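Subject: Structure for your review

Dear colleague,

Please find below the structure that I promised to hand over to you.

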Amino acid sequence: MAAADPPPTAVRFGIIGCANIARKVSRAILLSPNSTIVAIGSRSLEKAAAFAENNGFPASAKAYGSYDAVLEDPEVDAVYIPLPTSLHLHWAVLAARKKKHVLLEKPVALNVGELDEILAACESSGVQYMDATMWMHHPRTAEMKGFLADERRFGQLKAVHSIFSYNFGADFLKNDIRVKPDLDALGALGDTGWYCIRAILWAADYQLPKTVTALRDAEFNEAGVIMSCGASLRFEDGLIATFYCSFLSNLTMEISVLGANGFLRVHDFVIPFQESVGPFYVNANTKFAELSIGIEPSPTEHLVKTELPQEARMVKEFSSLVRKVTDHGSETEQKWPTISRKTQLVVDAVKASIDKDFQPIHVVY
């Protein structure tokens, strides 16, 4: 069934590519109250038309047999780009030059040099940029941050550990674009590692680590693409952070954050187990009970509800920023480009450490 008519102020999206993740983000664009879809482009007109029909696009949405046609469409305000990472530089820069605001799937680039070209094009054209890291927009994320900022209950940040892994089986490991060196050369580091690194930086208020050291025994496929890896991050203030990312392990999406006075854990930070509610767990000022037969106080569970799924909240926030630029002449919001660049810098450092026999790599912004 086609979507209902959007409000007249809705940001009009074009989508470049029919990747599976585009199904989820298409739904998010249609759920968001301030956005709609006006165009979809694929290398095949038939594929674009089928995608639009199968995903409930508005009847007025146009299907194109090329990506260029989406960018040439004067009705398109913003583009969502879910293409393989190797294509991001070309199409994101071209979109920005065509004055289209850019919502870019992660990993956003193969390296920070490419990302800098994308961000420079967006800045030059005055268009808003945001990466599509959805969990950043769940209201749970802000509530967790409130706990980390509580000096009495959490205190100084001491350690962070994050895991994002999944095992989608033999067909994925053979055929998915994320295991192909010419399409997504960063493999698990770019896909699942991006989330782990973002989680660490988020917990550290986006302070960059001083050095990054990849852990030995990273795993690769026959084409040399990373299938699993880990790293330790050392910060100027003594914070120690570690992560593990993988295409070879059971689905796991964990953040553990340790403070001098408290502890936070979330089991589903990338995609909540339930779309409408996100739990997290905290311990504060914890002691052993008498005879060390337990702890006190007991950990507490916090349930954060949301009417819109996190990906729709992402689209809503992005669209609000676009409207501020287009309707009110506001400057583009620089928070999101800055966070993207810092995440990419650490991804690059992990890759460099792996390539240099797991030596420490200094991170310089």
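Cys245 counts as buried, since its relative accessibility is 0%. Please bear in mind that this model is predicted.

The structure as a whole holds zero disulfides.

The aromatic rings come next. The count comes to 13 aromatic pairs. One of them joins Tyr67 and Trp91, whose ring centres are 5.2 Å apart and whose planes meet at 90°. This pair is edge-to-face, because the angle of 90° is over the 60 degrees required for that label. Tyr67 lies in helix H3 (residues 67–72) and Trp91 in helix H4 (residues 88–97), so that the pair links distant parts of the chain, 24 residues apart. Tyr67 and Trp91 are both buried.

Another edge-to-face pair is formed by Phe168 and Phe172, with 5.5 Å from centre to centre and 85° between the planes. Are these two residues buried or exposed? Phe168 counts as exposed, at 51% relative accessibility, whereas Phe172 counts as buried, at 7%. Both residues belong to one aromatic cluster, which also includes Phe164, Tyr166, Tyr195 and Phe247.

I turn now to helix H10. This helix covers residues 335–355, which is 21 residues. From its first C-alpha to its last it reaches 30 Å, close to the 30 Å expected at 1.5 Å a residue. H10 is mostly covered, with 16 of its 21 residues buried. After H10 comes Asp357, whose phi is positive, near 60°.

Finally, which charged residues sit over the ring of Tyr365? The charged end of Arg341 is placed over that ring, 4.7 Å from its centre. Lys342 lies over the face of Tyr365 as well, at 5.8 Å from the ring centre.

I hope that these notes are of use to you as you study the structure.

Yours sincerely,
A colleague

Key
Residues are numbered from 1 along each chain as its sequence is written. This is a predicted model: local features need pLDDT of at least 70, side-chain atom pairs count only at pLDDT 80 or more; totals for chains, interfaces and linings use all residues. Side-chain values use heavy atoms; hydrogens and water are left out. Helices (H or I, at least four residues) and strands (E, at least two) are DSSP runs, numbered from the N terminus. The expected span of a helix is 1.5 Å times one less than its number of residues. Buried means under 20% relative accessible area, exposed over 50%, partly exposed in between (1.4 Å probe, protein chains only). A disulfide is a pair of cysteine sulfur atoms within 2.5 Å. Rings of Phe, Tyr and Trp (its six-membered ring) pair if their centres lie within 6.5 Å; planes under 30 degrees apart count as stacked, over 60 as edge-to-face and the rest as tilted. A charge sits over a ring if NZ of Lys or CZ of Arg is within 6 Å of the ring centre and within 35 degrees of the ring normal.
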